[in-house]
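Visitor: I have a model open beside me, and I would like to know what stands behind the words used to describe it. Could you take me through them?

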Amino acid sequence: MGWRNVIISQHAKLSYSANNMIVQTFEGINQIPISDMYILIIESNQAVITTELISQLNFHDVKIVFSDDNHNPCCETVNYYPNNRSLDKLEKQYNWSSNRVNILWTKIINNKIINQINVLKFYNHNTETLENELSKLELGDVSNREAVVARKYFMLLFDKKFSRRDFSPMNAALNYGYSILLSTFNRSIVLNGYLTEIGIHHHSDENNFNLGSDFMEPFRPIVDYWLANKKFNQLTPDIKFSLVELLNVEIKYNGKNMVLNNAIDKYTDDCLNYLTTGKSIKIEVELINEVPNNALNSNV
């Protein structure tokens with residue numbers, strides 16, 4: 001499995017040769033082994049990529065994320081035919097037990113709220129109101145504690161005037177970080193042979209990634225945690241690079257220290273196994289170290 005997060009942020013030609021991605025820029029030519037790559041983010045709309053390279057990256061399960069004119073993620077590649085996808089697996093996904101779905105969604109939201117509380121505690125905010133809401137969580141979150149907590153959480157973390165609906169630089173950064181997480185979850189779901197369109201809570205006809213949107217919830221506070229003490233007037237390349245680098249931060253999943261992208265793969269596998277087979281599942285996602293401020297990606 002690859003480990004390298006590559007970001008293309010300037011005019012470049014991307015092509016394939018001898019198991020390498022060839023990156024030609026005004027400064028020269030770089031070669032990156034495809035076997036080392038985990039995700040490729042093409043930020044520049046002046047970059048050109050060959051179909052051969054797209055095919056090879058897809059074959060090696062490297063996710064490609066493309067950005068729009070504002071340099072925000074707008075689409076990504078999805079492998080149509082993973083080797084382990086079967087009709088039997090898809091039928092099981094379509095017929096997942098409603099009881100398991102409700103139990104898993106409750107565990108997901110429970111851990112998300114716990115992580116939101118821990119983020120607030122790290123920044124010395126009072127968490128009593130969120131803890132009260134957590135105590136009201138019911139099976140399947142039928143009373144929508146997730147939404148109630150989210151409104152209170154963001155106002156506590158940032159300020160009382162903060163809204164997730166405005167177009168502030170902070171919201172742009174949050175959305176960018178969440179998009180990177182979502183792409184990583186989509187990659188893991190497809191590698192397991194399941195469809196991203198069929199979710200357990202999200203059911204939008206306009207969302208091709210309902211299941212990824214469901215699974216990623218406990219991991220969102222990792223992005224919040226890193227951004228909460230940042231002050232900026234625009235979403236700069238350095239901030240974007242650091243948000244991608246969060247995939248390499250060490251967290252704790254079910255008591256074991258793991259790099260985030262590996263934890264996402266293990267957690268996704270656990271969730272899918274539970275939904276399909278009923279195998280017992282434990283969900284404890286914890287941020288254990290301060291997230292690094294530097295960007296350690298391959299930036300071209």
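Guide: What follows sets the terms used for helix packing and aromatic rings against the values behind them. This is a predicted model, in which local features need pLDDT of at least 70 and side-chain atom pairs count only at pLDDT 80 or more, while totals for chains, interfaces and linings use all residues. Residues are numbered from 1 along each chain as its sequence is written, and side-chain values use heavy atoms, with hydrogens and water left out.

Visitor: Why is α6 called oblique to α8?

Guide: The axes of helix α6 (residues 169-191) and helix α8 (residues 220-227) come within 9 Å and cross at roughly 140°. Angles under 35 degrees count as roughly parallel, over 145 as roughly antiparallel, 65 to 115 as roughly perpendicular and the rest as oblique, and therefore α6 is oblique to α8.

Visitor: Which residues make the contact of α6 with α8?

Guide: With contact meaning heavy atoms within 4.5 Å, α6 contributes Met170, Ala173, Leu174, Gly177, Tyr178 and Leu181, and α8 contributes Arg220, Val223, Asp224 and Leu227. By class, this contact has 7 nonpolar, 1 polar and 2 charged residues, where Ala, Val, Leu, Ile, Met, Phe, Trp, Tyr, Cys and Pro count as nonpolar, Asp, Glu, Lys and Arg as charged, and the others, Gly among them, as polar.

Visitor: How does α6 pack with α9?

Guide: α6 and helix α9 (residues 237-245) pack at an angle of about 35°, with their axes 9 Å apart. The contact is made by Ala173, Tyr176, Gly177 and Ile180 of α6 together with Ile239, Lys240, Leu243 and Val244 of α9, and by class it has 6 nonpolar, 1 polar and 1 charged residues.

Visitor: What makes the pair of phenylalanine 215 and tyrosine 267 edge-to-face?

Guide: Rings of Phe, Tyr and Trp (its six-membered ring) pair if their centres lie within 6.5 Å, and planes under 30 degrees apart count as stacked, over 60 as edge-to-face and the rest as tilted. The centres of phenylalanine 215 and tyrosine 267 are 6.2 Å apart and their planes are at 75°, so the pair is edge-to-face. Phenylalanine 215 lies in helix α7 (residues 210-215) and tyrosine 267 in helix α10 (residues 260-277), 52 residues apart. Phe185, Phe215, Phe219, Tyr253 and Tyr267 form one aromatic cluster.

Visitor: Why does phenylalanine 122 count as partly exposed?

Guide: Buried means under 20% relative accessible area, exposed over 50%, and partly exposed in between (1.4 Å probe, protein chains only). Phenylalanine 122 has 43% relative accessibility, and therefore counts as partly exposed, whereas phenylalanine 215 and tyrosine 267 are buried.

Conventions
Axes are lines fitted to C-alpha atoms, for helices over the stretch in contact, and angles run from 0 to 180 degrees between N-to-C directions. Helices (H or I, at least four residues) and strands (E, at least two) are DSSP runs, numbered from the N terminus.
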